[in-house]
Amino acid sequence: MPDVKKIATRVSYGQELCELGAEYENICVMDADLAASTQTALFGKKFPERFFDAGIQEGNMMGIAAGLATTGKVVFASSFAMFATGRAYEVIRNSIAYPKLNVKICASHAGVSVGEDGASHQCIEDIALMRVIPNMSVIQPADDVETRAAVRAAYAIDGPVYLRLARLASPVFNSAEDYKFEFGKGITLRDGSDVTIVATGLPVTAAMDACDLLEKDGIHARLINIHTIKPIDEEILVRAARETGKIVTVEEHSVIGGFGSAVCEAITEKCPVPVRRIGIPDCFGMSGPALELYKYYGLDAQGIYKRTKEFVCEK
Amino acid sequence: MNKKELLLTANEVRKGIIVGTFHAKSGHPGGSLSATECIVYLYNNVMNIDPEDPEKPDRDRFVLSKGHAAPALYAALAARGFFPKEELRTLRHMGSRLQGHPCFMTPGVDMSTGSLGQGYSAAVGMALSAKISGESYRTYALLGDGELEEGQVWEASMFAGNRKLDNLCVIVDNNNLQIDGTLEEVNSPNPIDKKFEAFGFHVVRVADGNDFDQLAAAFDEAASVKGRPTCIVMKTVKGKGISFMENNAGWHGKATNAEEFKAAMDELTKAEEELCRM
């Protein structure tokens, strides 16, 4: 495999936030003692007068962010996905989403690719938690280029946004020159007629490799990258269901309530077809190197390939 | 407003609380009545606000962190001219702008609240915003004493104290009763004053938070404090002004029936007549 540039989406976030901060004075950034990890420290260094570290108090951070937003500020509030969405859940619901305030919850270290820290820090419920809240938009970028565009989109959206970011450095597969981010629109990365793989976040690259493996077996898989999980691109999904008859969803999240569930909700009313959901089954994560965990949960290319092939071959 | 006008307005607000909760057949009269004087004083004698322009950027902010006292806030806003007083009868009704707990649907409401502890954090954010943008507005947050049991209150206090937000004034409605009983019976946050002092606040103790003269002195003192936030701990009477509701936790979240409604309104009308003779 040729050398591919790898960069973690949290790093892209931190860098793009600095660019955006230079352009818009009403941007404020908050963190909860994880600025070095979430990468908001970059913004803090550049714009100390607009950066507030709440310390280890995620609920209060979200509440203060809401208060700042009532006065016209656009607040990017970061922590790990576990604490941002878990610990502060009800503050996000009642103080940010209900009054539809411009707080962008940008949470890093989502999913099992957190790695060695283990289950207590591997948030596999956040997509479910955030997408169920009215007024909340949910975006999960798959690489550096998409993350930078997503950060800008989050700023432009009027209302709260959940941006899901990862710890692990991952391949950059989009080209900055050609890439266009359309909020709420899926991106067809590869056409195919036998099955559609719909992926979100880091596993998109593994899904691309899985498509190559399937092709060798004569299975033409369509691949769709969904960066906006809410509102989801119903049109592209229903068309895929109609044209390929089977759908595989891939996410670094519990298969309950997350992306796979969102895809099922989108297609069942208009074109119900069999769906296979690849993700974390109904269990907690565990310590280990990120890539080995991907392999364990079938989120690597081999895993996606095997599950998809079985599914396609089923009568 | 002079003292007589304040007393008459407070009496009018109390009527609004009783009318609203009676027609809603639910709501929280007890904690609304204890907070009445504080809210009336702020909206009439302290805060820079304009009922014709409820969202003017330089307005002082008020956050009712004890959001269940919404009937008092709504009645005070109506009395101040933010919306017609007749609307108070629609409290908690389908399609009404007056939701069970405050939200942005209502003209004059600065923050959605209802889940205890959360409004306070938002108020801290508002005060912080004024500091970084060099604006002169002040932010007031009214908390219940039972609300102090929420951990988020102390997170917000730690932040406000450390950031020396002297444009923030927190008021604790210390009526000593919560749903399950007295503070001591449930999980006492006492001593409240010493706790806020420990978090870096200037603390003003008000012996009777239902007395306008004492409130006037407290808010004057708060406005003069520099370099740290102020906390006014005011002792109040839950259910104040309606004899059968006073100091009775049972009236925390219950509306009057027809008979009680008449008795309460008669009592307030009598009080109004006495005030008019003053």
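The dialogue below treats these topics in order.

Tutor: This is a predicted model, in which local features need pLDDT of at least 70 and side-chain atom pairs count only at pLDDT 80 or more, while totals for chains, interfaces and linings use all residues. Residues are numbered from 1 along each chain as its sequence is written, and chains are lettered from A and ligands numbered from 1 in the order in which they are written.

Student: How many residues does the contact take from chain A and from chain B?

Tutor: Two residues are in contact if their C-beta atoms, placed from the backbone, lie within 7 Å. Here chain A supplies 22 residues and chain B 21 residues. On the side of chain A that touches chain B, helix H4 (58-70) and helix H6 (89-97) of chain A each give two or more residues, and H4(A) gives the most, with nine residues. Helices (H or I, at least four residues) and strands (E, at least two) are DSSP runs, numbered from the N terminus.

Student: In what order do the strands of the open sheet in chain A lie?

Tutor: Strands pair if DSSP finds at least two bridges between them. The seven strands run S3-S2-S4-S5-S7-S6-S12 (chain A), with mixed pairing. Strand S3 (51-53) and strand S12 (228-230) of chain A are the edge strands, each pairing on one side only. Strand S6 (residues 137-139) of chain A pairs with S12(A) in the antiparallel sense over two bridges; Val138(A) stands opposite Lys230(A) in S12(A).

Student: Which residues does Ile197(A) touch?

Tutor: Leaving aside residues up to four places away in sequence, Ile197(A) touches several residues, including Ala207(A), Leu223(A) and Ile304(A).
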